[in-house]
Amino acid sequence: GDGKARLKVSVSAPAEGGKANAALIRLLAKTWRLPKTAFTITAGPKSRRKTLFIEGEREVFLEKVKRWLEKYPRAAPWF
């Protein structure tokens with residue numbers, strides 16, 4: 001509707017003391033082979049819906065996501 005891509009992710013870490021946020025960043029960093037320091041939660045740190053900033057070269061990141069989606073087509077983000 002608004003032109004933004006969304007990715008639904010679940011982690012098993014409890015939502016206390018930032019544990020779920022840290023688990024989310026670890027998962028995404030491992031999945032896309034990026035350093036954890038490349039991720040910053042810019043909105044919703046205490047909410048189920050978060051906005052993340054991913055630092056790095058846009059084209060490199062998009063290529064990583066494209067390869068990931070080809071490998072896991074059911075993981076396609078909601079648009």
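In this predicted model, residues 24 or more positions apart account for 36% of the contacts in the chain that have a separation of 6 or more. The chain contains two helices and two strands, and when it is read along the sequence these elements follow the pattern α-β-β-α. The points below take up the overall dimensions, then the salt bridges, and then the surface.

**Overall dimensions**

- The chain has a radius of gyration of 13 Å, which agrees with the value near 12 Å that a compact globule of 79 residues would have.
- Along its principal axes, the C-alpha trace of the chain spans about 35 × 30 × 20 Å.
- Of the 79 residues in the chain, 20% are buried, and the chain exposes about 6600 Å², with carbon and sulfur atoms supplying 54% of that area.

**Salt bridges**

- Side chains of opposite charge can pair when their charged atoms come close.
- A search of the whole structure finds three salt bridges, and each of them is described in the points that follow.
- E16 forms a salt bridge with K19, in which the closest N and O atoms are 3.7 Å apart; E16 counts as partly exposed because its relative accessibility is 46%, and K19 is also partly exposed, with a relative accessible area of 45%.
- R58 forms a salt bridge with E59, and here the closest N and O atoms are 3.7 Å apart, while R58 and E59 are both exposed.
- The side chains of E63 and R67 meet in a salt bridge with an N to O distance of 3.9 Å; because these two residues are four residues apart in helix α2 (residues 58-71), E63 and R67 are separated by about one helical turn.
- E63 is partly exposed, with a relative accessible area of 36%, and R67 is likewise partly exposed, with a relative accessible area of 47%.

**A nonpolar patch on the surface**

- L7, V9, V11 and L27 form a nonpolar patch on the surface, and together these residues have about 250 Å² of accessible area.

**A residue in helix α1**

- R26 lies in helix α1, where R26 is partly exposed, with a relative accessible area of 44%.
- R26 and A43 are 17 residues apart along the chain, and the C-alpha atoms of R26 and A43 are separated by 18 Å.

Terms used: Residues are numbered from 1 along each chain as its sequence is written. This is a predicted model: local features need pLDDT of at least 70, side-chain atom pairs count only at pLDDT 80 or more; totals for chains, interfaces and linings use all residues. Side-chain values use heavy atoms; hydrogens and water are left out. Patches are made of residues with over 30% relative accessible area and no salt bridge: like charges are joined within 9 Å, nonpolar side chains (Val, Leu, Ile, Met, Phe, Trp, Tyr) within 5 Å. Accessible areas come from the Shrake-Rupley method with a 1.4 Å probe; for residues, only the protein chains shown count as cover. A salt bridge is a side-chain nitrogen of Lys or Arg within 4 Å of a carboxyl oxygen of Asp or Glu. The radius of gyration is taken over C-alpha atoms; the globule rule is 2.2 Å times the number of residues to the power 0.38. Buried means under 20% relative accessible area, exposed over 50%, partly exposed in between (1.4 Å probe, protein chains only). Contact means heavy atoms within 4.5 Å.
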